[in-house]
Structure formats: structure tokens, C-alpha cells
Amino acid sequence: MEAYGDEKAIRVENIFLDFLKSFRLDPRMGESHYEREIQAMEANGSSTMFIDFSHVMLYNDILQKAIADEYLRFEPYLKNACKRFVMEQNPTVIAEADDNPNKDINVAFFNIPFTKRLRELTTAEIGKLVSVTGVVTRTSEVRPELLQGTFKCLECGSVIKNVEQQFKYTEPTTCVSATCLNRTKWALLRQESKFADWQRVRMQETSKEIPAGSLPRSLDVILRHEIVELARAGDTVIFTGTVVVIPDILALASPGERAECRREASQRKTSTAGQGVSGLRALGVRDLSYRLAFIANSVQVSDGRKDVDIRNRKKAGDEDDEQFTSEELKEIQRMKDTPDFFNKLVDSIAPTVFGHQDIKRAILLMLLGGVHKFTHEGINLRGDINVCIVGDPSCAKSQFLKYTSGIVPRSVYTSGKSSSAAGLTATVAKEPETGEFCIEAGALMLADNGICCIDEFDKMDVRDQVAIHEAMEQQTISITKAGIQATLNARTSILAAANPTGGRYDKSKPLKYNVALPPAILSRFDLVYVMIDDPDDQTDYHIAHHIVRVHQKHEDALHPAFTTAQLKRYITYAKTLRPKLTSEARKLLVESYVALRRGDTTPGSRVAYRMTVRQLEALIRLSEAIARSYLETQVQPRHVRVAVRLLKTSVISVDSTEIDLSEFQEGNSDGADNRNDNSSQADAQQAEPASGTAGSANQQKEEYRVKEDYFWRVTQALVMRLRQHEEAIKQEETRLAGMSQGDLIQWYVNQQNEKNNYSSTTEVEIEIKRIRSLIERLIRREGHLIVIDDGRQEGGEDAARSARDSRILTVAPNYAMD
């Protein structure tokens, strides 16, 4: 049987050698496909031959079945075939690779058509060639592994070569010399032994593959030779290789003890009733001292594209255009030429969510990102855009986060309450087998070059929030623990969602009072958007209609301009561009930043947070992202203008909320007596038809509705005028301190008229009405102004109005200007 096995293996080796010599993708090609592979090996100084398994399937069905089903058995023969092929074609590759003429050529298969999930790897797969996909969570250091040892007998001096190493350090059992009886005294000859690089990688199931209610499974993957250091923590990787059974060192250390359930017997040794269970071994349970491991021969980092270069990461800095086919480039150009394509791109983001164009635009720009830059001193200037969404409950915040984490290859979705500082950044763990400390990647490290979505950001512990500071600006994570001092990369965009402190957003207060986030974190977000759930018949109807359609028709209810696959391809291509600032754009950026800073100091303006240099950098990043979305290589002034508008609308739009002054209008201003009269009049008029008056009432309400920044600006101006008037009267000491309301309104209107702020007399009349109501509010609700003399006389309504205009006002002594 053994002889037959050898015969079969030699036959497989010969067929495989024929395949290497004769396989051509195109029959018209002069040289075989794998002759060019030898040239690539020579150029890189490599000793691994990468073989596309789909080529083997095309060539010979028997060969592919033999390799797929009994890979572990035939692997040495396949390596030997590769070595023979290389020796025939180009012997210098082996000679140059190493002085050792016995240098092996390793074989690595990739592009296996069926990829298994981690849970599907069972004992039935042992020895077969399989591909498995998962996320790398931990990598060990690269260590030398002894493959074949050459030993010298310390008693007679004879040398024993090529002793195959098992799972541990294996010495020869006995000396080859007939006269020597040595079995224990050996010396390893390091120069003549064969070593290889070795690395252990811990792989975990991807979050989509875990069944409900199950914990994610992990598997150790052994990497050897040139594929070490290719998989990094956080990568979604396809490993191709074979499943093997290895002894479980922890179980072997104390055989039987882990499988036994012991209960201490009672003190009475004679009693047999109290002895309990003496151990599971008596019941026929065997010790579980073996476990599955995976020996990989090729590593493919999966980024959602099929045609990944197997020698990836070697040419990371090269031009990226080559990875797009001409059809894909044509399709991208066709998308770009679509009329109004930018808004269509925005609408294609999260199509299940209705409306919220601003937030979709922010997510699109975050997916595109700015350009990473390095200064001469090696300082990293981040190009990633961070976005924070603050909003009332049931505003689809989590939907946006889930969608974003699904569209990006390297992305992590986590919730703030259940995340600790170590879970977000990185933790130092002890390797159970070796006892060494190693770094286990957290969410921000796993999302390197991707997006980290953090839900319930405001519920995070303050100490855990501090851990994100460094990752959000410097894009690194520094660790000094257990003798490990390391700075790890966390080049990730952060998309955070938070609820307001009181459950609902209070429009009358600025953002900093609505969100329980420190200013240090808020300033690190490039865009902060607020979602407010205001009742509105028109909007509510459209939202309800959209949601019911989605529930009824599922995918058929949505008609985005571009599919998710097209959107991904467009974003991937746009990210290869590196737009540069033009001189006009640079000038406009400086002017815009100065104007934003000036807005901070304007009296009456209440901004959400101070404009800092971070906001200037945010403007640059947003401008670059907008240029990328238009597939342009230069940032033009129009891109900067869009970025400035985005930054302004992101927060300031909410702060300039409206204040309703209609309850302080002239009819309501004379206190409780007038209110009773009005109510009796209203009762008398109730019988009249209300259809004509409804429209005019709404229009009147609009007149008395003012923006918050307008309210505070006028308040500051009136207070400053009254203060100046008081100072002037104090010096004269002639009359009562204060100023009549009519004079005050007249002064303000004249001031505005000088600036040409009015285009008609109607606007002036509306302005005077508003200021009267505003002064009434300042007296009755805010308490900023005091009436010294009400100037009231007997008479009708006109007399009441003139009395209000002639009353003397002054500033409340406790009022302090901001």
C-alpha cells in the first residue's frame, strides 16, 4: 500500500511539472505562464512560487482533485516539482537565493474557488487544501523555526543530517555508528540545519458570520517563509493552506486534570457514600489533548476586490490606476458625466433612510477623506474626517452607522456604553503557551485605514473617552505597559452618534449645553450635525410613506441612482487621487477662516464651540474630499466655498433657532386686565367664520418670529445704547436716568437705515413691531430692562400705544453683558 502511495505521489509530481512547463493562458503566448513567475521570483529575490489554483483546474481535473484532497501528503512532491522546474529554467535563482544548494522552493496556492468559514473547518478537512476567511486579531513576533536539524554525536563525532522536526525539538533516537551506543548526547550544527521564519496569527470569525447567540470562534494560523508579516491585526484575510492536528501543550502539561471533575471526599474515609465522582476518566472520557491549527501557504488581504495582487504590499506606493480595468474606468467616467451627479451620489448613500441630505453628504465626504500629509520632521497631518451626529431618539442615527460600517472593508461598529478604553485602543495580553506579553488590537486598531463607528458616544465613561484623544488627532495609540513600549497606527475616521443630555435637543441652548461631551473631543470632530425631530405634517407624511413602502416592497421600494457596488468602486477610485490646493483656493481658505474666527467675537453671536485651527484643517480636508468627489486633481475656490458652507451649516444652523415674540405683540402687552378684555372679545367673535382669519394669523406669527442671533444682537445694541445714555445723564445730573422707548426704537431704526438694511417702508414698520415685542419680552420675561416711568394716560388704544412709546426704560442693575 505504501509503495502504491509513493507511486501515486511521484505521478502527481510529474503531472504537476508538466503543468508548470506547458500551461499558457493564451495559446499564442511564446513562454509558459510560470516561466514569467520565475522572472518575478528572481526580481524580488523570492523563493516562493505562487500558483493560481484556477489554472490547475483548467489544466487537469485529476491533478486538481489530488492536490485538493490530499495536499498534506503531496506537498513535499509538489515542492520538489517546483524545484526541478526552476533548476531547468533558471538555476541561478536557487544559487543566488542562498549559498546552500539544498535550498527549497516553496509552493503557494491561491485563488481557490470555494472559501470556507471558520466554523466549517472540522476533522474531515484535515490534510485537504482549503481557503478560510476571517479577521486577524493578534500577531506574534517572527521567530526562527528549525525544519530539519543536522546533529553531531558528542561521543564518536559522526554527523546525522536532515532529522525531521516534529512538534517539538526532535533529536536522533540513536547514533548511526555501529560501535557507538549514544542516545542522548547531541550537538545541533546550526550552519548546516535548515531554519525558516515562523509566525503565529490568531484569526477570528468576521462579525457577519457569527450565528445569533454564539461567541466568535478563533483559530491559530501558522505562517512560514515569506508570507510572515503580511497579515496585520484588523485585516480581513483569506488564508490558503491545510488544517492539521497539533498537541495542545496546555492539556499535555497536566494530563487528565482538565478533563476530570473532582470533588473532595469528606473527612470520614471509611464512608463510601460521601466519595462523590472520582473523575471522568472512569467513565471512558479521553483526554482532549489535541487541537486544530491551520498551516497557511498564501495570504490574500481581502479589500472587497476579486483580482488582488498576491504579492500585495510589495508595491504599496505604486500607481493605483493599474488595479482598475478599462470597463470600470469607463463606468466611473459615465457616473461622473451624469447630470447633477454629486447629489445623486449623496442620495445613493443609505437609501433606506429618508431625507437628511446634510448628513449623507458628510458621510460621503468622510468615505472619500482628505489627503494624508507628512512634514519634513516626520509629523503626520491627518487626512481622515471625523463626524459626530447628535440627535433626538428615532432619527436613524444607528442606521447611518450600520450602513457605513457595511460599505467600508475595514470598519468596526461598537457601542459606547459597552466599550472600555482598552477595548477601543489596544490591550496587552499574555500568550498562554509562551508566557510572553503581546498586544491585542482594539476597535480603533482593527479599523486602521477604515472607519470606526461608535454609537451612544455620550454614554461612554469619561476616562474611556480620554483614550480616543490621541487616536482622533495624531492617529496613533501609545502603550507603555508590562515592559512593552509601542506606538501603534490608528489611521481611522470616527463616526460617532450621541443623544442630547435631556433626551431631546433644547433649541434655546447652544450645542455645548446639549451634549455631555468635553470641548477637547468636540473640537476634534470636523463636522457636528444635529438631527431634530420636529413635527411637520408634510415631512411626517413623506417619512411614513417611505417606511411603509420599504416594509412592503423591500429592495423594490428603493431606486438609488447608483448601486452600492458602483458607489464603492467610485469611492475607491476617487481615493487614489491626491488633489493639491491652488493659490486662489489657499487665499480663500485663509479669508474664510478669519471670517469664522471673527464670528466668534461678534456681540450676540452664540457659537456651538470656538473656531480653532482644527476647524481650518477641517476646511482643508473637506475641500480635498469635495475635489476628490468631482475626480479633480486640484482644489478650486468653488470646492472651498462648499466646504465653508458645510462647516457653517453643520452646527450654526441649529444655534440660530427661532424665538416667537407673538405673545408680546401690542394687543397682549398690557398685562392681565387687557388679557381678560381680549378673551371676552374673542368669545364674542367666535361665532364669526374663521377661515379668512387663519391665514392672516399665521402670517402675523411669521412677522413676530425672529432668529435667536437676531434677538441677542438687537438686545445687545439696545442695552449698549441705554448704558451710554445713562452715563451721559449721570454727568449732566439734570433729569431721570433712562430713555423713552420711542427714542430707543427710533435710534435703532436710524442706525440700520444708515447701513442700507431696509428696501421699503413696509420692512421698517415690521422691524418696529418686532422691536416693540422684543422690548416687551426683555421687560416681562427676561428681566433685562426695567420701566421707571410707564407714561400712562387715560384714553383708547392709540393712547396706550403712545404711552408704551413714551415710557422710560433703563437696564436692570443685575444684567451683565456677555
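First, a term I need: I call a residue buried at under 20% relative accessible area, exposed at over 50% and partly exposed in between, with a 1.4 Å probe and protein chains only. My helices (H or I, at least four residues) and strands (E, at least two) are DSSP runs, numbered from the N terminus.

This is a predicted model, where local features need pLDDT of at least 70 and side-chain atom pairs count only at pLDDT 80 or more, while totals for chains, interfaces and linings use all residues. Residues are numbered from 1 along each chain as its sequence is written, and side-chain values use heavy atoms, with hydrogens and water left out.

Entry: helix α18. I looked up its buried residues and got Gln 566, Leu 567, Tyr 570, Ile 571, Tyr 573 and Ala 574. They cover an arc of only 165 degrees around the axis, so they sit on the same side of α18; the arc is taken from the directions from the helix axis to the C-beta atoms. What do the buried residues of α18 pack against? I found α8, α9, α10, α11 (397–407) and α20 (613–629).

Entry: helix α8. In this helix (residues 326–336), Glu 328, Glu 331, Ile 332 and Met 335 are buried. They line one face of the helix, because they fall within an arc of 100 degrees seen down the axis of α8. On the other side I noted Lys 330 and Arg 334, which are exposed. The cover over the buried residues of α8 includes α9 (341–347) and α18 (564–574).

Entry: cores. A nonpolar core is a set of buried Ala, Val, Leu, Ile, Met, Phe, Trp, Tyr and Cys residues joined through side-chain atoms within 4.5 Å. The largest one has 58 residues, and Leu 345, Ile 349, Leu 364, Leu 367, Val 387 and Leu 495 touch the most other members. Helix α10 (residues 357–368) gives this core its largest share, 8 residues. I also found a second, separate core of 38 residues, with Met 445, Leu 446, Ile 479 and Val 515 among them.

Entry: Asn 489. I placed this residue in strand β20 (residues 484–489). Its relative accessibility is 41%, so Asn 489 counts as partly exposed. Beyond its neighbours within four places in sequence, Asn 489 is in contact (heavy atoms within 4.5 Å) with Met 445, Asp 448, Gln 475 and Thr 476. From C-alpha to C-alpha, Asn 489 and Met 445 are 6.7 Å apart in space, and 44 residues apart in sequence.
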